Amino acid sequence: NGPREKVRIAIQGFGNVGYYFAISAYEHGYTVVAVSDSKGAIYDERGLDPVAVMAVKEEKGSVTDFPGKVLTNEELLALDVEVLVPSALESV
């Protein structure tokens, strides 16, 4: 594992900002372990593929329909990660 793979990222909000941040981080070798939308969050300690998560969100309506551990948005904020990206609301 390279040093970037050891950096775990959680993204609150999987709209334009959160999704494109996730894509960039994933393509640069970082591990995106959690993402959320208004219905909840999904978590996988091995990492998530943002494109696959978005495909499920667009088809079924939420990231929580993606296979993995479902969390509340509050639980996402409490995850033990190196980077937390608050991209759910403009005022955050």
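This is a predicted model: local features need pLDDT of at least 70, side-chain atom pairs count only at pLDDT 80 or more; totals for chains, interfaces and linings use all residues.
Residues are numbered from 1 along each chain as its sequence is written, and side-chain values use heavy atoms, with hydrogens and water left out.

Q: How do you know which helices and strands the chain has, and in what order they run?
A: Helices are DSSP runs of H or I with at least four residues and strands are runs of E with at least two, numbered from the N terminus; the chain has three helices and five strands, and from the N terminus on they run β-α-β-β-α-β-α-β.

Q: What radius of gyration would a compact globule of 92 residues have, and what does the chain have?
A: The rule for a globule is 2.2 Å times the number of residues to the power 0.38, with the radius taken over C-alpha atoms; for 92 residues this gives a value near 12 Å, and the chain has 12 Å, so the two agree.

Q: Why is Asp 44 called buried?
A: Buried means under 20% relative accessible area, exposed means over 50%, and partly exposed lies in between (1.4 Å probe, protein chains only); Asp 44 has 14% relative accessibility and therefore counts as buried, whereas Arg 46, at 72%, is exposed.

Q: What makes the pair of Asp 44 and Arg 46 a salt bridge?
A: The term requires a side-chain nitrogen of Lys or Arg within 4 Å of a carboxyl oxygen of Asp or Glu, and the side chains of Asp 44 and Arg 46 meet at 2.8 Å, N to O.

Q: How do you know that Arg 8 forms a salt bridge with Asp 80?
A: The closest N and O atoms of Arg 8 and Asp 80 are 3.9 Å apart, which is within the 4 Å of the definition, so the pair counts. The pair links Arg 8 in strand 1 (residues 8–12) with Asp 80 in the loop between helix 3 (73–77) and strand 5 (83–86), 72 residues apart.
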